[in-house]
Amino acid sequence: MYASVADMVERFGEIEIVELTDLEHTGEIDSAKAERALTDAAAEIDGYLAARYRLPVTDAPRLLSLLCTDIARFRLQKGVSTEQARQRYEDAVRKLERIADGRINLPLATPPPASAEPVVRQGRRVF
């Protein structure tokens with residue numbers, strides 16, 4: 001996973017995460033529900049990253065944590081999402097699309113392997 005329940009609490013506050021996960025009205029965060037949302041968000045992220053990076057990305061930069069929490073929060077809101085959550089989700093998807101097509105690079109400690117052999121052309125030069 002690219003983010004934890006603690007990351008969600010840090011970004012959105014404990015009250016909001018309790019409201020999104022506590023269907024039993026215990027007043028506590030349902031960690032299992034929050035972790036499922038984070039796992040689903042990580043799977044969505046991996047779908048975008050698979051074309052350019054070796055999965056799982058183990059030395060994930062903070063950017064992936066931010067995107068993961070935004071996606072998980074949106075998923076937890078189930079059809080009653082706030083405008084802010086919907087906008088953050090859409091922004092996260094746009095960033096993932098940019099990562100997938102190479103317009104944004106993840107600052108990884110270990111760069112991904114080259115995806116292809118160098119191109120070698122043979123023939124005559126024409127001036």
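Thr21 belongs to helix 2, which covers residues 14–21. Please bear in mind, colleagues, that we are looking at a predicted model. With a relative accessible area of 0%, Thr21 is buried, because that value falls under the 20% cut-off. Its side chain reaches the backbone nitrogen of Asp30 at 3.0 Å. Setting aside the neighbours within four places in sequence, Thr21 is in contact with Glu28, Ile29, Asp30, Lys33, Ala34 and Leu76.

I turn now to the aromatic residues. How many aromatic pairs does a search of the whole structure find? The search finds one. Phe74 and Tyr89 form this pair, and the arrangement is stacked, with 4.4 Å centre to centre and 15 degrees between the planes. Phe74 lies in helix 4, residues 62–76, and Tyr89 in helix 5, residues 83–100, so the pair ties together parts that are 15 residues apart in sequence. Phe74 itself is partly exposed, its relative accessible area being 23%.

Finally, the protein as a whole. It contains five helices and zero strands, and the pattern along the sequence reads α-α-α-α-α. Of its 127 residues, 34% count as buried. As for the contacts in the protein with a separation of 6 or more, 72% are accounted for by residues 24 or more positions apart. The accessible surface of the protein comes to about 8400 Å², and 51% of that surface belongs to carbon and sulfur atoms.

Methods:
Residues numbered from 1 in each chain as written. Predicted model: local features only at pLDDT ≥ 70, side-chain atom pairs only at ≥ 80, totals over all residues. Heavy atoms only, no water. Helix = DSSP H or I, 4+ residues; strand = E, 2+ residues; numbered from the N terminus. Buried < 20%, exposed > 50% of the residue type's maximum accessible area, 1.4 Å probe, protein only. Polar contact = N/O pair within 3.5 Å; in protein donor to acceptor, adjacent residues only side chain to side chain. Contact = heavy atoms within 4.5 Å. Phe/Tyr/Trp six-rings, centres within 6.5 Å; stacked < 30°, edge-to-face > 60°. Areas by Shrake-Rupley, 256 points an atom, 1.4 Å probe, with all protein chains shown as cover.
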